[in-house]
Amino acid sequence: MADAPGGGEEGGGGKRHQKKRAKKGSTRIDMTPMVDLAFLLLTFFILTTTMYKPSTLQMTFPVPDEDPTDDKKTELSNAITLILTAKDQIFYYLGEFHTPTDGSGKPPTTLTRTDFSKVRQVLLERNKEAVEKLNQLARDFNSGKITEAAYDSLRRKTKGDPTNLKAIIKTDKDAKYRNMIDIVDEMDISGIGSYGVLDSLKTAEQLLLDAEKATI
């Protein structure tokens, strides 16, 4: 009987092309070093990180009157009124506000324009004596001549001196909240302990402000 093609070598050929399969290694992964590394990194970051320190705005509270029953009017002769408006612009005037028709006989108030890059210099110049006293207190404290408690007490008393410059802060509808925060910071830097904040303008002030803004 004739052999089928290749039949006689089927067994041999099949065995000749048969490949031995490699044995698969174990797929088990040891996670222990990774866990150890994770804990080491976590411990490292906890020990070396810097906790967030909340920054707060330091407020200077007014010094209480020695005689609270004395209903005296606050003198504005040494006061500066700052009006915050759009584009970080500041208009200010000194003393009380007068109009040509108020009957006071005093020259009408005019506004001076400045901005946040120059307002500190204006305030420091007007409050020069208080600033010099505060700087001297700081030098005494840093040199150890006075304690921290004495420094805080004297600093508060110096800033509350009624002869110092007072500030009245006003805003118009175009002012930003950030401007208010910045100007309060300038009060502290300039050593002004007496200042007030108003969110409205007198009619005469608004008219004068509108006229000045129209010239910008």
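Colleague: Is Phe44 buried, exposed or partly exposed?
Modeller: This is a predicted model. The relative accessibility of Phe44 is 47%. Buried requires under 20% and exposed over 50%. So Phe44 counts as partly exposed.

Colleague: How many aromatic pairs does a search of the whole structure find?
Modeller: Ring centres must lie within 6.5 Å to pair. Searching the whole structure on that basis gives three.

Colleague: Which kind of aromatic pair do Phe44 and Phe45 form?
Modeller: Their ring centres are 5.5 Å apart, with 65° between the planes. An angle over 60 degrees is the mark of one class. The pair of Phe44 and Phe45 is edge-to-face.

Colleague: And the rings of Phe141 and Tyr151, stacked or edge-to-face?
Modeller: The centres are 5.0 Å apart and the planes meet at 20°. Planes under 30 degrees apart count as stacked. So the pair of Phe141 and Tyr151 is stacked.

Colleague: Which helices hold Phe141 and Tyr151?
Modeller: The pair ties together parts that are ten residues apart in sequence. Phe141 lies within residues 128-142 and Tyr151 within residues 148-159. The helices are therefore α4 and α5.

Colleague: Lys170 lies in strand β4. Which residue joins its side chain in a polar contact of 2.9 Å?
Modeller: Lys170 counts as buried, at 5% relative accessibility. Residues that Lys170 touches include Thr81, Tyr93 and Ser200. The side chain at the other end of the 2.9 Å polar contact belongs to Glu205.

Methods:
Residues are numbered from 1 along each chain as its sequence is written. This is a predicted model: local features need pLDDT of at least 70, side-chain atom pairs count only at pLDDT 80 or more; totals for chains, interfaces and linings use all residues. Side-chain values use heavy atoms; hydrogens and water are left out. Rings of Phe, Tyr and Trp (its six-membered ring) pair if their centres lie within 6.5 Å; planes under 30 degrees apart count as stacked, over 60 as edge-to-face and the rest as tilted. Buried means under 20% relative accessible area, exposed over 50%, partly exposed in between (1.4 Å probe, protein chains only). Helices (H or I, at least four residues) and strands (E, at least two) are DSSP runs, numbered from the N terminus. A polar contact is a pair of N or O atoms within 3.5 Å; within protein, one must be able to donate a hydrogen and the other to accept it, and residues adjacent in sequence count only if both atoms are side-chain atoms. Contact means heavy atoms within 4.5 Å. Lists of a residue's contacts leave out its neighbours within four places in sequence.
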